[in-house]
Amino acid sequence: MIKVVGVRFRNVGKNYYFDPKNLEIKAGDYVIVETARGLEYGQTTLGIRLVNEEDVVQPLKPVIRIATEDDKKKFANNKASEKEAYKICLGKIAKHHLEMKLIDVEYSFDNSKILFYFTADGRVDFRELVKDLAATFHTRIELRQIGVRDETKIIGGIGICGRPLCCHSYLSEFCPVSIKMAKEQGLSLNPTKISGTCGRLMCCMRNEQETYEYLNSCLPNKGEFVQTKDGRKGEVAGCNVLMQTVKILVENGDEKEMFEVPVSELKTRNDRKKNRSRKKPVELKEDEQALEAELMGD
């Protein structure tokens, strides 16, 4: 086991482990840490704790000190400088006629480097822009192209649910999301219904997936023949996952009748407990595969 603290550098950013040395650090403290980019200012999200050595990327960088008032003032000054650098960079981009969208600017804590985050449809030759920015700021310049999901995470916004976007409010890392989740949850495969502000599949589908997997495992497959406790037999025409009801189609001579019963009213079978393993996997059609590639591509 090894002693670590968790530190985050951006709002809702990824947590990184650092060696607390002999410092008394609590969750919520601001600290100065050593990173591959030099000294950085961050906030602890986890107090001192023990974790397995295999869970830590070695070598473990140290916490230099708990942030002082001077450190906090310097960080605030850097934030003010970032706004000015953003305006200057916008002017430089227009001057060089580059097809790129500036998203954010980030100063390193010691001002040794400025990072400019941008999006673009393809590759951008920004060599002249870098030279121009370096001559203006007299420090190292780095331009980093990001995807539309990262752009939305930085900018933020309101989702169709009326709440702040998950990625901007609490989601530190993006989770894999697929069209199969939308099908399993009974959602419309209309791109406007299942894509978020970024134009990609909504991250919140992942939040409910485990519940839907369990609820679906309690239901029979469509097309399966079942029998109710009162002896009626028929073919499963559909299921309501949330209500846990089953629509059963019964043939009565030349006529067909459909009725809906709770899944608890189906006759118990020996293999009912094995329903999870025998449940048919969700399969995608060709057009659904194309839609998934469109909504998941970056």
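# Close-up views of a predicted protein chain

**Figure 1. Confidence in the predicted model.** The protein chain averages a pLDDT of 87, and 94% of the residues score at least 70. pLDDT is the predictor's confidence in each residue, from 0 to 100. Over residues 270-278 the score stays under 50. For that stretch the model has 15 contacts beyond four places in sequence, a contact being heavy atoms within 4.5 Å. This is a predicted model, where local features need pLDDT of at least 70, side-chain atom pairs count only at pLDDT 80 or more, and totals for chains, interfaces and linings use all residues. Residues are numbered from 1 along each chain as its sequence is written, and side-chain values use heavy atoms, with hydrogens and water left out.

**Figure 2. The whole chain.** Nine helices and twelve strands make up the secondary structure of the protein chain. Helices (H or I, at least four residues) and strands (E, at least two) are DSSP runs, numbered from the N terminus. The radius of gyration is 27 Å, well over the 19 Å that the globule rule gives for 298 residues, so the chain is more spread out than a compact globule. That radius is taken over C-alpha atoms, and the globule rule is 2.2 Å times the number of residues to the power 0.38. Along the principal axes, the C-alpha atoms fill a box of roughly 85 × 50 × 30 Å. Among contacts with a separation of 6 or more, 59% join residues 24 or more positions apart.

Figure 3. The accessible surface of the protein chain comes to about 18,400 Å², and 50% of it belongs to carbon and sulfur atoms. Areas come from the Shrake-Rupley method with a 1.4 Å probe; for residues, only the protein chains shown count as cover. Buried residues make up 38% of the 298 residues. Buried means under 20% relative accessible area, exposed over 50%, and partly exposed in between (1.4 Å probe, protein chains only). The chain holds 49 positive and 46 negative charges, and their mean positions are 2 Å apart. Lys and Arg count as positive and Asp and Glu as negative, while His and the chain ends are not counted. Each charge is placed at NZ of Lys, CZ of Arg, CG of Asp or CD of Glu.

**Figure 4. N78 and Y107, two residues in contact.** N78 is found in helix α1 (residues 69-95). It is buried, with a relative accessible area of 5%. Beyond four places in sequence, N78 touches Y107, S108, F109 and N111. Y107 is found in strand β6 and is buried at 16% relative accessibility. The contacts of Y107 beyond four places include N78, S81, E82 and A85, and also K113, I114 and F137. Y107 and I141 are 34 residues apart in sequence and 9.8 Å apart in space, C-alpha to C-alpha.

**Figure 5. M100, in the loop between α1 and β6.** M100 is found in this loop. Its relative accessible area is 13%, so M100 is buried. Leaving out residues up to four places away, M100 touches I93, F118, T119, A120, V124, L129 and L143.

Figure 6. Most residues other than glycine have a negative phi, and most peptide bonds are trans. The peptide bond from Q58 to P59 is cis, with omega near 0°. P59 lies in the loop between β4 (38-51) and β5 (63-66). N111 has a positive phi, near 65°. Its loop runs between β6 (101-107) and β7 (113-119), and N111 is partly exposed at 32% relative accessibility. H138 also is not a glycine, and has a positive phi of about 55°. H138 sits in the loop between α2 (127-137) and β8 (140-145). With a relative accessible area of 67%, H138 is exposed.

**Figure 7. Helix α3 and its packing.** In helix α3 (residues 148-155), R149, E151, T152 and K153 are buried. The buried residues of α3 pack against β6, β7 and α4 (166-169). Just after the helix, G156 takes a positive phi of about 85°.

**Figure 8. M205 in helix α7.** M205 is found in helix α7 (residues 205-217). At 2% relative accessibility, it counts as buried. Beyond four places in sequence, M205 is in contact with V177, S178, M181, A182, Q185, L187 and I194. L291 is 86 residues away along the chain, and the C-alpha atoms of M205 and L291 are separated by 16 Å.
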